[in-house]
Amino acid sequence: MKQATLQELASLVGGEIEGDAQTVIIGVTGIREAGPGQITFFSNPRYASALLETRASAVIIGKAVKLPERPPAGGRGAPAFLRVENPYYAYSQIARFFFSRPHVPSGISEWAVIGRGVRMGRDVSVHPFVVVGEGAEIGDRVTLSVGVYVGEGSVIGEESVLYPHVTVREGVRIGRRVIIHSGAVIGSDGFGYATQGGKHHKIPQVGGVVIEDDVEIGAGVMIDRAALGQTRIGRGTKIDNLVQVAHNVVIGDDCLVVAQAGIAGSAQIGSQVTLAGQAGVAGHLRIGDRATVSGQAGVTKDVRPGETVSGFPAIPHREWLKVQANLYRLPAIRGALTEIEARVRRLEELLKAATSNEQRAMRKKG
Amino acid sequence: MKQATLQELASLVGGEIEGDAQTVIIGVTGIREAGPGQITFFSNPRYASALLETRASAVIIGKAVKLPERPPAGGRGAPAFLRVENPYYAYSQIARFFFSRPHVPSGISEWAVIGRGVRMGRDVSVHPFVVVGEGAEIGDRVTLSVGVYVGEGSVIGEESVLYPHVTVREGVRIGRRVIIHSGAVIGSDGFGYATQGGKHHKIPQVGGVVIEDDVEIGAGVMIDRAALGQTRIGRGTKIDNLVQVAHNVVIGDDCLVVAQAGIAGSAQIGSQVTLAGQAGVAGHLRIGDRATVSGQAGVTKDVRPGETVSGFPAIPHREWLKVQANLYRLPAIRGALTEIEARVRRLEELLKAATSNEQRAMRKKG
Amino acid sequence: MKQATLQELASLVGGEIEGDAQTVIIGVTGIREAGPGQITFFSNPRYASALLETRASAVIIGKAVKLPERPPAGGRGAPAFLRVENPYYAYSQIARFFFSRPHVPSGISEWAVIGRGVRMGRDVSVHPFVVVGEGAEIGDRVTLSVGVYVGEGSVIGEESVLYPHVTVREGVRIGRRVIIHSGAVIGSDGFGYATQGGKHHKIPQVGGVVIEDDVEIGAGVMIDRAALGQTRIGRGTKIDNLVQVAHNVVIGDDCLVVAQAGIAGSAQIGSQVTLAGQAGVAGHLRIGDRATVSGQAGVTKDVRPGETVSGFPAIPHREWLKVQANLYRLPAIRGALTEIEARVRRLEELLKAATSNEQRAMRKKG
């Protein structure tokens, strides 16, 4: 079991200690679950009360956060604090320190089928019921879990991990340190047909897929191969479960694509873009760098860099908030309109009456 | 082939017979498909005409339903009726009587790989290309179909059935009589990253998943393991195909989660909740007991117990109906507004003219 | 490597040549990527500039398209043109000519498990870790890729291709030339329960699934078996990735169902229907022939043949466009309403003042 002093953890994450730097830490967990010997983190203000009550030996906390009054002495000491710029990031580093397990290569299972001409790296783990097609390349320290399929000529970069039942079709290039979760399919045919006389004729899907380094792909994600050319996922992009990436889509670097989002064919997504859950992007569009698409939004035209869009069809989020506010006031708006209509009618009647009176008066005078 | 008298079926479901109690029933099917020797059920009023024409020997029907006039004699006798409180429930019991097959243990396939220290129950069926990881526990009468993967230390409760190509990652606890359909993945990593300098750093996902007794999980469902702690699906909850359940979600007992719904991280769903198809629930929210989320709705704040919500962002269904009605009248509302604007302008002109006349009159008088 | 003269390709697709009919073509690709010896196609006007610059030896183009001015001589000759009615369709035919690989039967892998009484066709390819259940029928020239499961008594028609990790449960009938992509599940249990006392009791799902000839089913698609009777996908229908088809759904011929769409139980979809991405269709509805459901739309009532519907709840597209236009003008509408209200109030005040003046005048006179 790993352990470290708070001092050592502070060196790891670059923080400053308030309290006993020699506190020995043997694990990391949530603020409510943590007990003696454990470090936890505080970043979400909704857990402020938990901060008062935590039994953790140490708490990672933002540099600017004011600590609440010392809790009433309850037989336990106050935790030490580790002050950092980004507590969640420091937590991720410390969690990796405690939880990351070294890759222990298990070699190639007797129950795996390795095609001719496969270039197999060193220190790999190839589990039972894996099939690697002819001419594929498997990098050093790669893990192909139970039932993984790697098609002919595909390449899996060093230290990548493919969880059970991942399918990588032929002619796919996967970078280094890529993680692909169970049930994901990379390189399935794109959805392309020429319609003639009401019938749909398949366009051969003969392009490939490129997954760059440090990408993570969720469980049940489908990434289609290009019709021609390449479908591409940029370095460091993270894709959540059940996402659809159609043929010829290009996603930039360091994006977040949340669960059940869908990206239609040939769309081009910039870098550091966030697509929230169940969002959809229509085909052939461009989403600029650092743009955000809100949950369940449907994007039907290009989105400028840095913009946040919401709704269907998606519009800039600020505009959408105004629309939304008024949408939910629609019954009141309609009520107001009906009331005004009545007032206008009353005015019209009054004015008509007034005019008649006047005319009568005129006639009398006349 | 199983058979039973109507009398025996009435004892099974607790109903009352109208007609010949000794009618022999050899099967159960839909009201249109049923023929002599079969029992069917009537619960959806849209099938009233089918009730007149059914060739079934017996019909399960609600206690209060008035039977239509006897159909004109057509060479066939009228069906017997089995009166019950809940015809659909009685049908489910009778269908189980006719269709349930006893578990016939097939033993452990020679083509399965069982890890060290696995505790294997009695009378199991472990099919080809199954892998059970080290230290896992498989309960009595469990079925692990073709290609199922059970990770290290995971537990599968008695009489559970895992269909082909189910993935259960390490450290997952599955209760008794749980059914998991093909392609489902239980225990994939949650989607958790700390973003620093525009890059996303993986938070180790080291929690587990608990699936309680009598849960059913559809094909292609993804249930992520917790970052810390447990993702939990309560007893008797039924999940349809392609549903996403993110890390640290807690779902209560006896819920229905319909196809393609998605639940974001740390959301807490009460008991007897219904999430309709393609609905989405944002992270960290609470959905109260017996609440209903309508199809395609997007929930962005807590939902009170018993409430039905619709739309995006989801609001109480009754309010939404009013909004919706007015939304689709928007072109008319806008038209009315334009018309009123014209009438107001006319009034303004008239009044201005009247005032001018008056002033002129005044001046004249003066 | 295949090659053909432009003359031969023109015979294949029925087009007319402008330029050198003896041009030798050795491949087909996109208009930007194409080089000497390659044919490409022009159908999307947004690529007009690419047409001027293409290095392709030949371009498939519509009969009526006017060619732009000859590009300035740049050391390369102008491409030849192949004039056709439907360039995209001609492209699909030529692409199939160049890219289609003949089925080379690999026989039955030693690592496959074939049940008793299986009728195995001629010239099949059955890859490692395939399981075919008892009594199943596999047609001639069928490919069952790695890890495919075919349940007891299921039928796979001639020349069908099942990609890695496809699950076909028991009692499913799949036609000829059907393509099923990785991770798809055909014949999982429908989502059917009778609720009694707050608990959900499973209805046995004992129907089947029929997939007719020439259907293509995307990766990660889930098609549930019927409760009773059959779930049915009509001839020539194409289904994109991650689509949900619930129990007892009937889809007609030559439909397109785009990624992540969902069709609830017992819905009946006509022929030549398009369901766009992420669309949803509620249970028991009818969608008429040639209807289109827009992306993310939610259909809650029947749709007439030929109609296009959009929005949630879905309404005819033309109406929806008007609603949508006004929806996004809602802040302006509300502003206009507020302004009118002020003008009406002013009119009321003026009129009140005028009346008072008049009355005072009256009194004075009186």
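**Three chains and their contacts**

In this model, 51 residues of chain C are in contact with 53 residues of chain B; two residues count as in contact if their C-beta atoms, placed from the backbone, lie within 7 Å. Before I go on: this is a predicted model, so local features need pLDDT of at least 70, side-chain atom pairs count only at pLDDT 80 or more, and totals for chains, interfaces and linings use all residues. Residues are numbered from 1 along each chain as its sequence is written, and chains are lettered from A and ligands numbered from 1 in the order in which they are written.

Back to the side of chain C that touches chain B. Elements of chain C that each supply at least two residues to it are β21 (185–188), β22 (193–196), β23 (199–202), β26 (222–224), α4 (317–327) and α5. Helices here are DSSP runs of H or I with at least four residues, strands are runs of E with at least two, and both are numbered from the N terminus. The largest share, nine residues, comes from α5(C). By type, this side has 29 nonpolar, 16 polar and six charged residues. Nonpolar means Ala, Val, Leu, Ile, Met, Phe, Trp, Tyr, Cys and Pro; charged means Asp, Glu, Lys and Arg; the others, Gly among them, are polar.

Now the contact between chains C and A. Chain C puts in 53 residues and chain A 51 residues. On the side of chain C that touches chain A, the elements giving two or more residues are α3 (87–99) and α5 (330–365) of chain C. Here α5(C) gives the most, with ten residues. This side divides into 24 nonpolar, 20 polar and nine charged residues.

How are chains C and A related? A rotation of 120° with 0.1 Å of shift along its axis superposes chain C on chain A, with an RMSD of 0.1 Å. That is the relation of a three-fold axis. The superposition is by least squares on the C-alpha atoms of residues with pLDDT of at least 70 in both copies.

Next, α5 in chain B. Its buried residues are B:Leu330, B:Ile333, B:Leu337, B:Ile340, B:Val344 and B:Leu347. Buried means that 20 or more other C-beta atoms lie within 10 Å of the residue's own, with C-beta atoms placed from the backbone. An α-helix has 3.6 residues a turn, so residues three or four places apart point the same way. What do the buried residues of α5(B) pack against? They pack against α5 (330–365) of chain A, α4 (317–327) of chain B, and α4 and α5 of chain C.

On to a sheet in chain B. It is open, has nine strands with parallel pairing, and runs in the order β10-β13-β16-β19-β24-β27-β30-β33-β36. Strands β10 (119–120) and β36 (286–287) of chain B are at the edges with a single partner strand each, so one side of each has no neighbour in the sheet. Two strands pair if DSSP finds at least two bridges between them. Strands β27 (residues 230–233) and β30 (residues 250–251) of chain B run parallel and are joined by two bridges. B:Ile233 has B:Ile251 in β30(B) as its bridge partner.

Last, chain A as a whole. Its secondary structure comes to five helices and 40 strands. The C-alpha trace spans about 115 × 80 × 30 Å along its principal axes. Of the 366 residues in chain A, 51% are buried.

Conventions. A residue is buried if 20 or more other C-beta atoms lie within 10 Å of its own, exposed if 12 or fewer, and partly exposed in between; C-beta atoms are placed from the backbone.
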